[in-house]
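Please consult the sequence and the coordinates shown here alongside the text.

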There are 2 protein chains.
Amino acid sequence: MSRILKIGAAQSGPVQKADSREKTVARLLELMKQAKGQGCDLVVFTELALTTFFPRYYAEDRAEMDPWFEAAMPNPATQPLFEFSRDNAIGFSLGYAELTPEGEHFNTQVLIDKSGEVVGKYRKVHLPGHAEFESERSFQHLEKRYFLPGNIGFPVWHTMGGNIGMCICNDRRWPETFRVMGLQGVEMVVLGYNTPSANSLKSTESADTRKHQSLLSMQAGAYQNATWVVGVAKAGDEDGHHMIGETCIVDPDGYVVAQAETEDDELVTYDCDLDATRFLKESTFNFAAHRRIEHYGRITSQTGAEPPEE
Amino acid sequence: MSRILKIGAAQSGPVQKADSREKTVARLLELMKQAKGQGCDLVVFTELALTTFFPRYYAEDRAEMDPWFEAAMPNPATQPLFEFSRDNAIGFSLGYAELTPEGEHFNTQVLIDKSGEVVGKYRKVHLPGHAEFESERSFQHLEKRYFLPGNIGFPVWHTMGGNIGMCICNDRRWPETFRVMGLQGVEMVVLGYNTPSANSLKSTESADTRKHQSLLSMQAGAYQNATWVVGVAKAGDEDGHHMIGETCIVDPDGYVVAQAETEDDELVTYDCDLDATRFLKESTFNFAAHRRIEHYGRITSQTGAEPPEE
């Protein structure tokens, strides 16, 4: 058996503060056209794909950041992506900053099917960083200031012939993210990330270590849930802040089968056979046969660590 | 700061069916002496270290397997290990098949401190394989036939200057294993494994893939919980059944820092600084700051996968 979903993992090079939405969407559209030309079924864009990674900038007044947010999706700036999707029968997934009618802010990703319709929405659950200015950091990472934690959980949608889920950036470091989707039979997780090459709290940490830990998390999430994982970077230097690339596609055995070679706009494609998830789902990771939830209680009953008494 | 626990990861080469407990314990004792000579604080032995990996053999009458089990620990055969521990102030961890006074069977591992006393006991929670003979397999893996699932959970003990936990073999493939210990502030997880080089249900799966997935699971467990992981193999050819080696020590960044080079009895040592766990525990994996348990409910409320409707 095989159920091939051809994926285009559409890495973005840097988006500078001064870049307009229109300029950035034109770059995404170009990647989408490449993907269509190569026969892709689904194009995956990165986290906050429409703008620079603005959480690195501090604003005392949070409302000053609202211009980085989208009050509707689609909207006039992103309409060309939705039209191309519909006209060419190609799905896509897009990360952006969402401002709701109620004035709430989320770090959001949507899934669009081949008819150009939004079939799924995810809001980032694990917000890294901090809410207040922290002078001990070499740069700021204010996601906890500008976003609320996602309030949708980790849904999985049956669409485009498979069970597809989403997560965003830091979510990939948490095994709970992948497991909650694994428990919904997920066959492909698509995610975007903006990951600085440096650790703002540890100057000795190398970019190689950060790449290693990013890949490790996605590979383990893939293997341990017998799912494809598509991880798409915003890469390169945004106004002096460098981010890792290595956009990748990981198979259900936990192997990286395709990976970006640049830190620019770059399309990485792979024929992902969703039936390749079956063997592990039915053997090693047959959850019904092997999981022992009676011993997992701490995972949902306590948030922080509670060490034993000394 | 540094809190060094010098670890001796004591890989076992094969133990044949015909080998006596005394012969096998003598080999373990030799590794323990080497470890003491190198200044180790704690020696980690493998899963079912005292015998061959007997769950590969089918017995219609389960009681026929009782000779592979230990009715007490310590017992006369293992007493030399406990005496060496006490006399030389070196801790150890030992995996064995446990038969309780009530007649229950477990796949068990104990932790012995530098006074030669048992300070912790763990019983394997995730039993792989199957309970009945399965003719479609190229060989049997009858852990579900001969053992009950562990009934102790995943405790963490404060001993020998650190927070130490245990798991066994297949447990390492489940992120829940490491997370439950991470939520108890674990700084070192010690485990043993007997992992066949071949997949009994998939002849095309290579030994390299199996090594990759074993390491991947331990590396992710280490990084995502900011803990040291010590994984100790029973390696090599037991009566025609080959098992992977690659006994390893993994640091809290998820890097393999020491690894066995043979498939024989081999001691792998490393100075593990338990304070090296602190940075990640206080930043990226500050659980209290970042975990969102309100979205993890499926992990403890459902055992098997429940895919979305098509």
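## Backbone features

A:Ala226 lies in the loop between α5 and β9 (228–233) of chain A; helices (H or I, at least four residues) and strands (E, at least two) are DSSP runs, numbered from the N terminus. The phi of A:Ala226 is near 50°, a positive value in a residue other than glycine. With a relative accessibility of 0%, A:Ala226 counts as buried, where buried means under 20% relative accessible area, exposed over 50% and partly exposed in between (1.4 Å probe, protein chains only). In chain B, B:Ala226 is placed in the loop between α5 (207–225) and β9 (228–233). Its phi is also positive, about 50°, although B:Ala226 is not a glycine, and its relative accessible area of 0% makes B:Ala226 buried.

Most residues other than glycine have a negative phi, and most peptide bonds are trans. The peptide bond from A:Met73 to A:Pro74 is cis, with omega near 0°, and A:Pro74 belongs to the loop between β2 (42–44) and α2 (79–88) of chain A. A cis bond with omega near 0° also links B:Met73 to B:Pro74; B:Pro74 sits in the loop between β2 (42–44) and α2 (79–88) of chain B.

## Basis of the model

This is a predicted model, in which local features need pLDDT of at least 70, side-chain atom pairs count only at pLDDT 80 or more, and totals for chains, interfaces and linings use all residues. Residues are numbered from 1 along each chain as its sequence is written, chains are lettered from A and ligands numbered from 1 in the order in which they are written, and side-chain values use heavy atoms, with hydrogens and water left out.

Helix α4 of chain A is largely enclosed by the rest of the structure, because eight of its eight residues are buried. Among them are A:Glu176, A:Phe178 and A:Arg179. A:Arg179, in helix α4 (residues 175–182) of chain A, has a relative accessibility of 1%. Beyond residues up to four places away in sequence, A:Arg179 touches residues of chain A, including A:Gln224 and A:Phe287, and residues of chain B, including B:Trp174 and B:Glu176; contact means heavy atoms within 4.5 Å.

B:Arg179 forms a salt bridge with A:Glu176, the closest N and O atoms being 2.6 Å apart. This pair crosses between chains, from helix α4 (residues 175–182) of chain B to helix α4 of chain A. Both B:Arg179 and A:Glu176 are buried.

## Other salt bridges

B:Lys234 and B:Glu238 are joined by one at 2.7 Å, N to O, and both residues are buried. B:Arg292 and B:Glu294 are likewise paired, at 2.8 Å from N to O. B:Arg292 is partly exposed at 26% relative accessibility, as is B:Glu294 at 46%. Salt bridges that share partners join A:Arg3, A:Glu187, A:Asp275 and A:Arg278 into one network.

## Residue A:Arg210

A:Arg210 is located in helix α5 (residues 207–225) of chain A and is buried at 13% relative accessibility. Leaving aside neighbours within four places in sequence, its contacts include A:Thr195, A:Glu205 and A:Ile244.

Technical notes
Salt bridge = Lys/Arg side-chain N within 4 Å of Asp/Glu carboxyl O.
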